[in-house]
Amino acid sequence: MALDQQSVLEALKVVTDPDLHRDIVSLGFVKNVRISGGEVSFTVELTTPACPVKDQMRDQARAAVQRLPGVTRVDVEMTASVRSAVSPDAGKQGVPGVKNVIAVGAGKGGVGKTTVAVNLALALARAGSRVGLIDGDIYGPNVPIMLGIKTQLTTDGKKIIPAEKYGLQVISMGFLTEDDAPIIWRGPMLHGALQQFFREVAWKDLDYLVIDLPPGTGDVALSLSQTVPVAGSIVVTTPQRVSLADTRRAVAMYRKLNITPIGVIENMSYFVCPSCSHESDIFGRGGGEQMAADLSIPFVGRIPIYQPIREGSDSGVPILISEPDSPAARAFIAAAEQTAAQVSIASYKTPTIPLTVVR
């Protein structure tokens, strides 16, 4: 068999994306095949930089081509181009400069939802994605504290310029009020603020815009569903029964609002003793995973109780920044990879929309 582009592509058909269940050739991932004598090089363009099996697919692709007669060397370049997982619904326009909106919510307070949202956003950015973060908890805007941001927002004459920290573009009501000032607003005012966060902020070329929702089943989630197309929601719970009951209500709300739940994260899942490494299930065990199975939602991560997570949230240096190689940080990274995978899966179920670039 002559060594040519077609033979290389045929060989690569044995490499399958484990999430999309199709080979990388039919998915259009293989690009720029070049052959020089026995040397073959090509690019594999994935749907997210946070792909959890990127290295495995690279090695499989290299091995598949290496088996062709006459091949002496194989160079594989791995890149990514994030697809949009939604098409605009009637009356809802996409957010300029944003490919995918991911909502992070919870059925009740106190489950660490904002901590999860912040660290998920940081993990996606750490993988190479362009990420923004909206603090949608209007009444309790804690994202500025967790990221250590104290700033006055500016404009370019047309739109608000988001704050930037740790590679994230960030907007929060906390940038617009005094630290101790309460937000005493009715529903229409909340809707207006959320509209501003989406429409009047100069988001720049974002792959993912994470929105930290307030707990419960109230106005902000309803406004979100009416305002923009959402790629999906991540629901945060803890293992105990009370949290799980409220989480089920939150899932039911998202489904009624056509915001597809794409993942459950169990926070405060277990405690590892720093002295003896014994694992203690303080809030129970396995409740979040079982609930996800019962509701047919992917279970995307289990986050341990770890004191530096709390300390980092209080000091403005999240665990992804202070201890990026710790088991807790790796748990957030794994959850972010699974979240990105679910967005990629969703992107092949709906027509994609072009990114509107903000300049």
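Modeller: Here are some questions and answers on cavities, helices, loops and single residues in this predicted model.

Biologist: Which helix gives the most to the lining of the largest cavity?

Modeller: The lining includes Asp 17, Asp 19, Leu 20, Cys 51 and Pro 52, and also Ala 341, Ser 344 and Ile 345. By class, the lining has 6 nonpolar, 3 polar and 2 charged residues. The top contributor, with 3 residues, is helix H11 (residues 327–347).

Biologist: How many residues of H11 are buried?

Modeller: H11 has 21 residues. From its first C-alpha to its last it reaches 30 Å, close to the 30 Å expected at 1.5 Å a residue. H11 is largely enclosed by the rest of the structure, because the number of its 21 residues that are buried is 16.

Biologist: And helix H3, how many of its residues are buried?

Modeller: Helix H3 covers residues 113–126, 14 residues in total, and its reach of 20 Å is close to the 20 Å expected at 1.5 Å a residue. Just after H3, Gly 128 takes a positive phi of about 115°. H3 is largely enclosed by the rest of the structure, since its buried residues, out of 14, number 13.

Biologist: Back to the cavity lining for a moment. Is Leu 20 buried or exposed?

Modeller: Leu 20, one of the lining residues, lies in the loop between strand E1 (16–17) and strand E2 (22–23). Beyond its neighbours up to four places away in sequence, Leu 20 touches Leu 27, Phe 29, Ser 344, Ile 345 and Tyr 348. Its relative accessible area is 14%, and buried means under 20%, so Leu 20 is buried.

Biologist: Which residue makes a polar contact with the side chain of Thr 43?

Modeller: Thr 43 sits in strand E4 (residues 39–46), and its relative accessibility of 6% is why it counts as buried. Leaving aside neighbours within four places in sequence, its contacts include Phe 29, Val 30, Lys 31 and Thr 79. The side-chain partner, joined by a polar contact of 3.3 Å, is Glu 77.

Biologist: What relative accessibility does Met 57 have?

Modeller: Met 57 lies in helix H2 (residues 54–66). Not counting residues up to four places away in sequence, Met 57 touches Val 15, Asp 17, Pro 18, Ile 24, Leu 46 and Cys 51. Met 57 counts as buried because its relative accessibility is 3%.

Biologist: How many Å separate the C-alpha atoms of Ala 202 and Asp 156?

Modeller: Ala 202 is in the loop between helix H5 (187–199) and strand E12 (206–212), and it is buried, with a relative accessible area of 2%. Along the chain, Ala 202 and Asp 156 are 46 residues apart. Their C-alpha atoms are separated by 8.5 Å.

Biologist: Now some backbone angles. What is the phi of Met 268?

Modeller: Most residues other than glycine have a negative phi. Met 268 is in the loop between strand E14 (261–266) and strand E15 (271–272), and at 22% relative accessibility it counts as partly exposed. Although Met 268 is not a glycine, its phi is positive, at about 50°.

Biologist: And what value is the phi of Ser 296 near?

Modeller: Ser 296 is found in the loop between helix H8 (287–294) and strand E17 (299–302). With a relative accessible area of 63%, Ser 296 is exposed. Its phi is positive, in a residue other than glycine, and near 60°.

Biologist: One last stop. How far apart in space are Leu 3 and Val 40, C-alpha to C-alpha?

Modeller: Leu 3 is in the segment before helix H1 (5–12) and is partly exposed, with a relative accessible area of 24%. Val 40 is among the residues that Leu 3 touches, as are Ile 35, Leu 68 and Val 71. Leu 3 and Val 40 are 37 residues apart in sequence, and their C-alpha distance is 9.3 Å.

Definitions and conventions. Residues are numbered from 1 along each chain as its sequence is written. This is a predicted model: local features need pLDDT of at least 70, side-chain atom pairs count only at pLDDT 80 or more; totals for chains, interfaces and linings use all residues. Side-chain values use heavy atoms; hydrogens and water are left out. On a 1 Å grid over the protein atoms alone, a cavity is a set of points where a 1.4 Å probe fits but cannot get out, and a pocket is an open set with protein on both sides within 12 Å along at least five of seven lines; lining residues have an atom within 4 Å of a point. Helices (H or I, at least four residues) and strands (E, at least two) are DSSP runs, numbered from the N terminus. Ala, Val, Leu, Ile, Met, Phe, Trp, Tyr, Cys and Pro count as nonpolar, Asp, Glu, Lys and Arg as charged, and the others, Gly among them, as polar. Buried means under 20% relative accessible area, exposed over 50%, partly exposed in between (1.4 Å probe, protein chains only). A polar contact is a pair of N or O atoms within 3.5 Å; within protein, one must be able to donate a hydrogen and the other to accept it, and residues adjacent in sequence count only if both atoms are side-chain atoms. Contact means heavy atoms within 4.5 Å. The expected span of a helix is 1.5 Å times one less than its number of residues.
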